[in-house]
Amino acid sequence: MERARALWQDLAGAPVEFGRSAAGVVVSPASTQCPPSWCGIVVLDGAGIITVPTDEVAAHQA
C-alpha cells in the first residue's frame with residue numbers, strides 16, 4: 001500500500017498526502033493522475049487525495 005500511495009502522490013505533481021478523515025486536495029495543473037484540466041481522485045484503503053487544475057476549482061472542493 002505504501003508503494004501504491006507513493007506512486008499516486010508522485011503523479012499528483014505537487015506535494016499531497018493521503019488523508020483519513022478528508023482527502024488531501026492540491027492544486028496541480030501538471031498532475032498526471034488524469035487528463036489535463038480534469039480533477040483526479042484516488043482512494044486507497046479508505047484514504048484519498050484529490051488533484052484539481054486551478055485555485056478556483058479547489059475553492060469549490062471545500
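Read along the sequence, the protein chain of this predicted model follows the pattern α-β-β-β-α, with two helices and three strands, where helices (H or I, at least four residues) and strands (E, at least two) are DSSP runs numbered from the N terminus. The radius of gyration of the protein chain, taken over C-alpha atoms, is 11 Å, close to the 11 Å that the globule rule gives for 62 residues, so the chain is as compact as a globular protein of that length; the globule rule is 2.2 Å times the number of residues to the power 0.38. The C-alpha trace spans about 30 × 25 × 15 Å along its principal axes.

Because the model is predicted, local features need pLDDT of at least 70 and side-chain atom pairs count only at pLDDT 80 or more, whereas totals for chains, interfaces and linings use all residues. Residues are numbered from 1 along each chain as its sequence is written, and side-chain values use heavy atoms, with hydrogens and water left out.

Of the 62 residues of the protein chain, 35% count as buried; buried means under 20% relative accessible area, exposed over 50%, and partly exposed in between, with a 1.4 Å probe and protein chains only. Contact, here and below, means heavy atoms within 4.5 Å, and among contacts between residues at least 6 apart in sequence, 50% join residues at least 24 apart.

S28 is found in the loop between β1 (24-27) and β2 (40-44), and at 6% relative accessibility it counts as buried. A polar atom of the S28 side chain lies 2.5 Å from the backbone oxygen of A12. Leaving out residues up to four places away in sequence, S28 touches A12, G13, A14, V52 and P53.

S28 is also one of the residues that line the largest cavity, together with P29, S31, C34, P35, P36, S37, W38, T51, V52 and P53. A cavity is defined on a 1 Å grid over the protein atoms alone as a set of points where a 1.4 Å probe fits but cannot get out, and its lining residues have an atom within 4 Å of a point. The structure holds one cavity of 30 Å³ or more, and the largest cavity has a volume of about 40 Å³, the volume being the space filled by probe spheres set on the points, which are joined across faces, edges and corners. The lining residues divide into seven nonpolar, four polar and no charged, where Ala, Val, Leu, Ile, Met, Phe, Trp, Tyr, Cys and Pro count as nonpolar, Asp, Glu, Lys and Arg as charged, and the others, Gly among them, as polar.

S37, another residue of that lining, is placed in the loop between β1 and β2. S37 is exposed, with a relative accessible area of 65%, and its phi is near 75°, a positive value in a residue other than glycine.

**The β2–β3 loop and strand β3**

D45 has its place in the loop between β2 and β3, and its phi, near 55°, is likewise a positive value in a residue other than glycine. D45 is exposed, with a relative accessible area of 52%, and, leaving aside neighbours within four places in sequence, it is in contact with M1, R5 and R20.

G46 lies in the loop between β2 and β3 (47-52) and counts as exposed at 53% relative accessibility. Beyond residues up to four places away in sequence, G46 touches G19 and R20.

G48, by contrast, lies in strand β3 and counts as buried at 6% relative accessibility. Setting aside neighbours within four places in sequence, G48 is in contact with E17, F18, G19, A23, G24, V42 and V43.

The table gives C-alpha separations for residues discussed above, each paired with a residue elsewhere along the chain.

| Residue pair | Separation in sequence | C-alpha to C-alpha distance |
|---|---|---|
| S37 and P53 | 16 residues | 5.3 Å |
| D45 and F18 | 27 residues | 9.9 Å |
| G46 and F18 | 28 residues | 9.1 Å |
| G48 and S21 | 27 residues | 9.0 Å |

Methods. A polar contact is a pair of N or O atoms within 3.5 Å; within protein, one must be able to donate a hydrogen and the other to accept it, and residues adjacent in sequence count only if both atoms are side-chain atoms. On a 1 Å grid over the protein atoms alone, a cavity is a set of points where a 1.4 Å probe fits but cannot get out, and a pocket is an open set with protein on both sides within 12 Å along at least five of seven lines; lining residues have an atom within 4 Å of a point.
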